[in-house]
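Good morning, and thank you for the time on today's agenda.

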Amino acid sequence: MDRGEIKDKERTKDKEEVKDREKILEVKHLKKYFKQSGKSVLKAVDDVSFDVYKGETVGIVGESGCGKTTCARTCIGMYPATSGEVIYKGKDISKLRGAEKRSFTKEVQIIFQDPYSSLDPKMRVGDIICEGLRAHKMCKSKEEYNKRAVELLEMVGLNPEHANRYVHEFSGGQRQRIGIARALAVEPDFVVCDEPISALDVSIQAQIVNLLSKLKREKELTFMFIAHDLSMVKYVSDRIIVMYLGTIAEITDSKSLYSDPKHPYTKALLSAIPIPDPKVEKERERIKLQGELPSPTDPPKGCRFINRCKFAKEICAREMPQLREVEKGHSVACHLYDEQI
Amino acid sequence: MKKLLEVKNLRVSFHSYSGEVEAVRGVSFHVNEGESVAIVGESGCGKSVTARTVMGLTQCPPGEIKEGSEIIFDGRDITKFSEKEWQRYRGGDCAIIFQDALAALNPTLTVGHQIEEKLKLHGIKDKKEAYSETVRLLTAVGIPNPEKRYKAYPHEFSGGMRQRIMIAIAIACNPGLLIADEPTTALDVTIQADIIDLIKELVKEHNTAVIMITHDLGVVADMAERIIVMYAGKVVEEGSSEDIFYKTKHPYTRALLNSVPRLDLDEEKELEFIEGAPPDMTDPPKGCAFAGRCPYCMEICTKEEPPCYEFNEGHTAHCWKYHEYAEGLFGEVEE
């Protein structure tokens, strides 16, 4: 089946679901602060609200230090939120206890960025993959666990014999496949991919991305895909969240992000991404950002982007712009769009 | 145009516990005066080793520059340099920008000191002159408040600023050749664009030749006049930027170009990817190194090394596909 056909199928499916697109995750005014030495507080995520619908891929992009990883980790309960709510399938994750908590940890999984440090070097690959299964007692016998491990290895394109090997015997791309197998072992519904391809070579990146999208289709997963490589995020995501210094600058579907960016930061970010085509590249004009990224311990009052924005007005220094929908499915947090609403 | 650097049949090996790793296996290329050349390839293809050997930074042992390798810079074979000649050449005639600026800079010295150190080694003895030259360099690479920042330590700078300091050190003695070894890989895209612009600007101003090493074809699309694509220690394709992007010949180059999604296009098709992984360089395969992953692989590819075919002025590829016997076998692949 080629991608075109799949898209068509998805589209008809979308139509059926359009009436009640089920929200799998609702994030409301989420804040995550880290205390630092002295009295300073690092505001990694500062008042972020968004929804994730069932079956979609949401991409989060932004420069390093913008809070995208912290945001995702807080969403799946790896960090307790400082304030605000994360609602997963209608339930606040901070209030989950007992059996509910267990089923939440089973349904939500993460694939980490660094395939070198996120896998235990002392464990055999088969044990790494089955660790989650064992924790949730998902199989009955030893044979069943082994069988499952083999299935999972085959699913991600590795050989069954690999189950008895150790992690150091594998290349970066293979390790990332092991990480994917581990995350998908417990049959999750919602998977966070935290820069799953950044540490890999270009040709291997495409392998992993294709594998992820294949698994997503087969298992009807919901993905949150974090990366700083905007071209890749655009390719895999249905909707994209652009973050800047702990806040959301823009949320839009992936097509209109490139064709019609609204926020000045998004525009600058897009123009900085090199395009592998000399003719196109020569004609593009780059929007240069002035100044440097402010420190998240002492972010500017008002709009976070104010010191680097050439359209900054007086109101931008006073008030923090709120995320507002300017077109259907396209929200932006910028005072420039105040009049349009 | 005069050839500034000519590398002929360079072969570099490293001796490790698991045997001899043949990192570079017969690489030849040249760089003209004032020209920008990019070496592109994935990790482990030998691009950094090539560049470091040109700079004289390959440690021997464990490294070994094989007999028959020639690196000619400005008419002199640098593999036969004495220690004194090396000192003049390294940093004076030829300078390098490393990927990881934090690891490359000395954390215990102020950045001003580190720039001055180089100036003093290469001629400027007067203290005042060295200071004013350092401040000029800091200004040239776009460090705000250069007089104040002169006294700052590397950890007090952000990643992009540190890379600017590296560039200041590299250009300090007006080198004829600048090697940039993945200078922007660790940086964010917006900062990457700034750094690339800065390098372009400085190079143009002083007519410096550049060897830009990268794994990202996008980064060099606009900057490089010529591109050399390397795979498993060998050059697989070489040509002008236009040749490489629009008249791609080697299957590996094509795969490399097609495996990254384009930001400016709405693609519906699945990403092309290269099956498998690069070969183990302790035991490089016979014949073409890419044969095991190549969709066009023929019997001969696994047996004999492909010859070099020239398509037009300066555009060459090493691939059996272009042998006269293979003509018409695969049809002409899209232009």
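Let me begin with a term: a polar contact is a pair of N or O atoms within 3.5 Å, and within protein one of them must be able to donate a hydrogen and the other to accept it. Please keep in mind throughout that the model is predicted. Across the interface of chain A and chain B, the rule finds 10 residue pairs in polar contact, with both residues at pLDDT 80 or more.

Which elements of chain A give two or more residues to the side that touches chain B? They are helix 1 (3–17), helix 7 (202–219), helix 8 (230–236), helix 9 (254–259), helix 10 (264–272) and helix 11 (278–283) of chain A. Helix 7 of chain A provides the largest share of that side, with seven residues. Sorted by class, the side of chain A that touches chain B comprises 19 nonpolar, five polar and 14 charged residues.

As to the extent of the interface, 38 residues of chain A are in contact with 42 residues of chain B. Between the two chains an area of about 3,900 Å² is buried, and carbon and sulfur atoms give 57% of it. Val202(A), Pro276(A) and Pro278(A) supply 16% of the area that chain A buries against chain B, which is more than any other three residues.

I turn now to charge. Side chains of opposite charge can pair when their charged atoms come close. The rule finds four salt bridges across the interface of chain A and chain B. Asp197(B) forms a salt bridge with Arg286(A), and the closest N and O atoms of this pair are 3.4 Å apart.

Over all chains, the structure holds 38 salt bridges. Within chain A, Glu195(A) forms a salt bridge with Lys68(A), the closest N and O atoms being 3.8 Å apart. Why does this pair tie together parts that are 127 residues apart in sequence? Glu195(A) lies in the loop between strand 7 (190–194) and helix 7 of chain A, while Lys68(A) lies in helix 2 (residues 68–75) of chain A, so the pair links those parts.

How many cavities of 30 Å³ or more does the structure hold? There are six. The largest cavity contains about 80 Å³ of space. Its lining has 13 residues, and Cys288(B), Cys294(B), Cys301(B), Cys319(B) and Trp320(B) lie nearest the centre. By class, the lining of the largest cavity has 11 nonpolar residues, one polar and one charged.

The second largest cavity holds about 60 Å³ of space. Among the residues that line it are His263(A), Pro264(A), Cys303(A), Cys309(A), Cys316(A), Cys334(A) and His335(A). This second lining divides into 10 nonpolar residues, two polar and no charged.

Finally, some details of the backbone. A cis peptide bond joins Cys60(B) and Pro61(B), with omega at about -15°. Another cis peptide bond joins Pro61(B) and Pro62(B), where omega is about 10°. Pro61(B) is found in the loop between helix 1 (47–55) and strand 4 (63–65) of chain B, and Pro62(B) is also found in the loop between helix 1 and strand 4 of chain B.

In chain A, Lys89(A) has a phi near 45°, a positive value in a residue other than glycine. Lys89(A) is placed in the loop between strand 4 (83–88) and strand 5 (91–92) of chain A. Thank you for your attention.

Methods:
Residues are numbered from 1 along each chain as its sequence is written. Chains are lettered from A and ligands numbered from 1 in the order in which they are written. This is a predicted model: local features need pLDDT of at least 70, side-chain atom pairs count only at pLDDT 80 or more; totals for chains, interfaces and linings use all residues. Side-chain values use heavy atoms; hydrogens and water are left out. Contact means heavy atoms within 4.5 Å. Buried area is the accessible area (1.4 Å probe) that two parts lose on being put together, summed over both. A salt bridge is a side-chain nitrogen of Lys or Arg within 4 Å of a carboxyl oxygen of Asp or Glu. A polar contact is a pair of N or O atoms within 3.5 Å; within protein, one must be able to donate a hydrogen and the other to accept it, and residues adjacent in sequence count only if both atoms are side-chain atoms. Helices (H or I, at least four residues) and strands (E, at least two) are DSSP runs, numbered from the N terminus. Ala, Val, Leu, Ile, Met, Phe, Trp, Tyr, Cys and Pro count as nonpolar, Asp, Glu, Lys and Arg as charged, and the others, Gly among them, as polar. On a 1 Å grid over the protein atoms alone, a cavity is a set of points where a 1.4 Å probe fits but cannot get out, and a pocket is an open set with protein on both sides within 12 Å along at least five of seven lines; lining residues have an atom within 4 Å of a point. Grid points are joined across faces, edges and corners, and a volume is the space filled by probe spheres set on the points.
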